[in-house]
Amino acid sequence: MSWGTELWDQFDNLDKHTQWGIDFLERYAKFVKERLDIEQNYAKQLRNLVKKYCPKRSKDEEPRFTSCLSFYSILNELNDYAGQREVVAEEMAHKVYGELMRYSQDLKAERKHHLQEGRKAQQYLDHCWKQMDNSKRKFERECKEAEKSQINFDRLDNDINATKSEVEKAKAQLYLRTHMADESKNEYAAQLQNFNAEQWKHFNNAIPHIFKNLQDMDERRTVKLGETYRSFAEAERRVIPIVSKCLEGMVSAAKAVDERRDASIVVESFKSGFDPPGDFPFEDFSQNLSRTGSDGTISGTPKGEREREGAPGPRPDPKHMSRTKNKLWLFGKKPKAPSLEDFSHLPPEQRRKRLQQRIDELSKELQKEMDQRDALNKMKDVYEKNPQMGDPSSLQPKISETICNMEKLRSEIHKNETWLSEVEGKQSSRGDRRHSADNHHHTPQGRESPEGSYTDDTSQEHHTPHRRPGPPQPGNPNPDPHEFDDEFDDDDPLPVIGHCKALYSFDGQNEGTLVMAEDEVLYIIEEDKGDGWTRARKQGGEEGYVPTSYVEITLEKNSKGAVTYI
């Protein structure tokens with residue numbers, strides 16, 4: 001339906017309606033602006049959340065558990081999801097909000113132009129009407145004046161007392177008024193005809209044309225709203241495939257969680273390579289007591305039973321930490337040990353992994369230096385063949401520096417490989433001993449060690465087929481000979497405060513030191529005082545100092561001065 005034919009007399013209402021349409025469009029634009037602000041803030045908060053929970057450690061320190069890796073994958077997918085929310089906000093900002101605001105300005109300008117044309121047409125019609133009305137009023141006045149002149153003339157013409165001059169004057173006045181009335185009538189007729197023509201043009205041409213333009217403008221506004229509604233939805237629908245992939249990635253990350261894999265990683269990360277600790281040896285404090293009865297009884301205890309109680313039995317390797325301060329019990333806390341270059345503060349399995357990792361890193365660096373050396377040599381050859389390209393001697397310092405770096409890296413690799421061989425030798429030696437202990441259930445004829453293991457002679461204790469290389473010894477105690485004499489000449493022997501097991505053999509060449517065989521069990525009578533030496537006593541009564549790093553120490557809880565790490 002056309003506004004021009006149906007609403008020809010509703011100019012004011014159409015004025016209000018078109019203004020309402022523009023206000024509604026701007027209201028919707030405001031809604032879109034608030035929506036995209038929400039999307040932007042949502043995306044920003046998601047990114048901040050991802051940044052907050054992303055690991056801040058170096059890549060080497062990141063946990064390798066599948067649960068952690070899956071969580072980091074979820075964070076990455078969530079970060080991508082936040083990016084899609086930003087895309088939605090950007091699409092709404094440019095294709096919806098920005099378009100609506102530009103179109104609103106155009107609508108306002110167009111509406112103003114059409115309304116101005118309508119008002120001008122109305123003003124011109126009002127002007128024509130006023131001219132016609134003025135001519136009508138003038139015609140009415142002139143007719144009344146002519147009627148008065150007619151009445152005055154008739155009165156004088158019928159009055160016998162009136163003079164001829166008075167009658168002639170009244171007749172002339174009547175003629176004048178009649179003539180003026182005729183002119184006013186003609187003018188009024190012309191103005192009326194003109195007004196009717198302008199009014200027809202106004203309501204049949206001007207107003208329909210203006211109202212049609214307003215109708216077209218309003219219809220375009222409605223269409224634009226429909227298009228922006230669709231763009232509003234398309235901005236959201238366009239990112240659904242990528243959002244779905246993000247969600248699928250999160251589901252895949254959840255499915256990648258493997259509890260068995262995580263459990264094996266825990267084993268790989270914390271496996272020490274040691275065996276559980278063996279039985280504690282029996283400490284016979286009744287050696288100085290007088291025997292009563294037969295030799296086979298001490299305080300009523302049969303000899304055979306006493307031997308069974310005192311014998312340590314099968315000997316598994318104890319859990320090893322090189323110093324008492326680094327002792328780790330099953331449910332205890334491990335004190336923080338200083339990091340050493342050879343990782344000797346770590347358990348063998350962990351030490352082996354760290355050394356292997358360092359060797360791999362050094363090998364990569366060595367390969368880079370070798371590639372750089374080859375490149376420099378090629379460049380030097382080019383300079384020698386084409387002197388205009390450069391001076392070959394200028395590359396010599398760089399080549400020398402590269403070669404020096406290569407030698408340093410080779411030295412480091414060799415040193416770490418030596419440490420690695422040492423660790424692997426210990427582990428293979430320990431495995432052979434465990435295998436041997438499993439296959440021999442009785443002790444053959446020969447000398448029995450303090451642990452109950454058999455060796456043919458002392459030299460075999462020091463030189464086994466799988467002898468573990470010893471660690472660097474601490475500085476020699478270099479004690480004063482008289483000081484050792486004073487200590488060992490005491491009438492009362494020092495009390496036993498714990499026991500230890502030799503991890504390596506020690507020849508005890510220095511004065512005041514004690515010879516010990518690998519895996520030999522000794523009594524501890526004095527702790528390490530910070531110089532790297534521990535005072536021990538053999539089961540035969542011989543006393544002396546042994547390197548603390550060569551033994552695994554276990555202090556008795558109830559012994560005087562003993563320290564237990566729990």
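**Close-up 1. M92 and its surroundings.** M92 touches V32, R35, L36, Y97, F232 and A235, leaving aside residues up to four places away in sequence; contact here means heavy atoms within 4.5 Å. The model is a predicted one, so local features need pLDDT of at least 70 and side-chain atom pairs count only at pLDDT 80 or more, while totals for chains, interfaces and linings use all residues. Residues are numbered from 1 along each chain as its sequence is written, and side-chain values use heavy atoms, with hydrogens and water left out.

**Close-up 2. The largest nonpolar core.** Zoom out from M92 and you're looking at a core of 36 residues, the largest one, where Y28, V32, M92, L100, F211 and L214 have the most contacts inside it. The largest share, 13 residues, comes from α3. There's also a second, separate core of 18 residues, with C500, F506, I524 and L555 among them. For the record, a nonpolar core is a set of buried Ala, Val, Leu, Ile, Met, Phe, Trp, Tyr and Cys residues joined through side-chain atoms within 4.5 Å. Buried means under 20% relative accessible area, exposed over 50%, and partly exposed in between (1.4 Å probe, protein chains only). Helices (H or I, at least four residues) and strands (E, at least two) are DSSP runs, numbered from the N terminus.

Close-up 3. R119 pairs up with D15, the closest N and O atoms being 3.2 Å apart. Since R119 sits in helix α3 and D15 in helix α2, the pair ties together parts that are 104 residues apart in sequence. R119 is partly exposed at 38% relative accessible area, whereas D15 is buried at 16%. R85 forms a salt bridge with E236, with closest N and O atoms 2.9 Å apart. This one links distant parts of the chain too: R85 is in helix α3 and E236 in helix α4, 151 residues apart. R85 is buried at 6% relative accessibility, and E236 is partly exposed at 24%. The cut-off: a side-chain nitrogen of Lys or Arg within 4 Å of a carboxyl oxygen of Asp or Glu. The whole structure has 32 salt bridges.

**Close-up 4. The R373 and D374 pair.** The side chains of D374 and R373 meet in a salt bridge at 3.2 Å, N to O. Both partners are partly exposed: D374 has 33% relative accessibility, and R373 has 22%.

**Close-up 5. The five-stranded sheet.** Five strands make an open sheet in the order β8-β7-β6-β5-β9, with antiparallel pairing. β8 (543–547) and β9 (551–555) stand at the edges with a single partner strand each, so one side of each has no neighbour in the sheet. From one strand to the next, the twist averages 40 degrees, with axes being lines fitted to C-alpha atoms (for helices, over the stretch in contact) and angles running from 0 to 180 degrees between N-to-C directions. Strand β7 (residues 533–537) pairs with β8 over five bridges, in the antiparallel sense; strands count as paired if DSSP finds at least two bridges between them. R537 has E543 in β8 as its bridge partner. A network of salt bridges links E526, K529, R535, R537 and E543.

Close-up 6. C143 is partly exposed at 25% relative accessible area, and C404 is partly exposed at 37%. The count of disulfides comes to zero, taking a disulfide as a pair of cysteine sulfur atoms within 2.5 Å.
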